[in-house]
Amino acid sequence: MTRTFLHGRTETCRSVTSENTAWCRAMADLDTSTEERIRLLRLALEKHTKLTREAVAGKGVDRHLLGLRMLLQPGEDKPEIFEDPAYSYSSHWYLSTSQISSENFTSYGWSEVTPKGYGVAYNIRKESLIIHITCIRNSFGLDSDRFAQSIETAAMDVRDMLLRETRAKQ
């Protein structure tokens, strides 16, 4: 909820960008140098921070599009954007996340919004990161334990990479 607006409001932060895709690919590429990985991480963080600030300021697109869709009257023709396959795909949340950054919350949850997806609630703290993962174990092969292990491994890889950089500068 953004407190800027009367009664608050939520907005979607679109986290997949060309910047974070490039960083993820670099992390998976054993031939990419640590320096390049860190450079790409910083670019991805800058882009994500910009998009998050825009969403908090009400400049995201998802809630505006939701409002337009909800204004349609029964039997009224839908604007072309709502029939576009790309719009449909981008509205299907395979990964639905929410976060609270507070030392005061010990736990909270967030559910998946599709049988083919994960729900991830996370709490960023000064000295830790708490993550709750939900999914429906079904024929789609989702596994919250395996997903949690992958997140932990990736987080430790990033931590170790940044610690090495910090120690090298000392």
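A disulfide is a pair of cysteine sulfur atoms within 2.5 Å. This structure holds 0 of them. C13 is in no disulfide, and the nearest cysteine sulfur, that of C24, is 17 Å away.

Before I go on, a word on the model. It is predicted, so local features need pLDDT of at least 70 and side-chain atom pairs count only at pLDDT 80 or more, while totals for chains, interfaces and linings use all residues. Residues are numbered from 1 along each chain as its sequence is written, and side-chain values use heavy atoms, with hydrogens and water left out.

Back to the cysteines. C13 has 35% relative accessibility, so it counts as partly exposed. C24 comes out at 44%, so partly exposed again.

Now the whole chain. There are 5 helices and 3 strands. Both are DSSP runs numbered from the N terminus: helices are H or I with at least four residues, strands are E with at least two. Starting at the N terminus, the order is α-α-α-α-β-β-β-α. The C-alpha trace spans about 65 × 40 × 35 Å along its principal axes. Of the 170 residues, 24% are buried.

Next, surface and charge. The chain exposes about 12,400 Å², and carbon and sulfur atoms supply 56% of that. Those areas come from the Shrake-Rupley method with a 1.4 Å probe, and for residues only the protein chains shown count as cover. There are 23 positive and 23 negative side chains, and the centres of the two sets lie 5 Å apart. Lys and Arg count as positive, Asp and Glu as negative, and His and the chain ends are not counted. Each charge is placed at NZ of Lys, CZ of Arg, CG of Asp or CD of Glu.

On to contacts, meaning heavy atoms within 4.5 Å. Take those between residues at least 6 apart in sequence: 39% join residues at least 24 apart.

How many aromatic pairs does the structure hold? The count is 3. Rings of Phe, Tyr and Trp (its six-membered ring) pair if their centres lie within 6.5 Å; planes under 30 degrees apart are stacked, over 60 edge-to-face, and the rest tilted. I will show two examples. In F82 and Y87, the ring centres are 5.2 Å apart and the planes stand at 75°, so this pair is edge-to-face. Both F82 and Y87 are buried. Y118 and F147 have ring centres 4.4 Å apart and planes at 35°, so that pair is tilted. The Y118 and F147 pair links distant parts of the chain, 29 residues apart. Y118 sits in strand β2, residues 118–124, and F147 in helix α5, residues 144–169. Y118 has a relative accessible area of 13%, so it is buried. F147 is at 22%, so it counts as partly exposed.

Now a few single residues. Start with D62, in helix α3, residues 62–71. Its relative accessibility is 11%, so D62 counts as buried. Setting aside residues up to four places away in sequence, D62 touches E11, T12, R14 and W93.

Then the strands. S98 is in strand β1, residues 95–100. It has a relative accessible area of 22%, so S98 is partly exposed. Beyond its neighbours within four places in sequence, S98 contacts Y108, W110, V120, A121 and Y122. Between the C-alpha atoms of S98 and Y108 there are 9.9 Å, and along the chain 10 residues.

T134 is in strand β3, residues 129–135. At 26% relative accessibility, T134 is partly exposed. Leaving out residues up to four places away, T134 touches W110, S111, E112, G117, Y118 and G119. So Y118, the tilted-pair tyrosine, is also a contact of T134.

Last, S15, in the segment before α1, which covers 18–28. S15 is at 40% relative accessibility, so partly exposed. With residues up to four places away not counted, S15 touches N20 and H48. From S15 to Q149 is 134 residues along the chain and 21 Å between C-alpha atoms.

How values were computed. Buried < 20%, exposed > 50% of the residue type's maximum accessible area, 1.4 Å probe, protein only.
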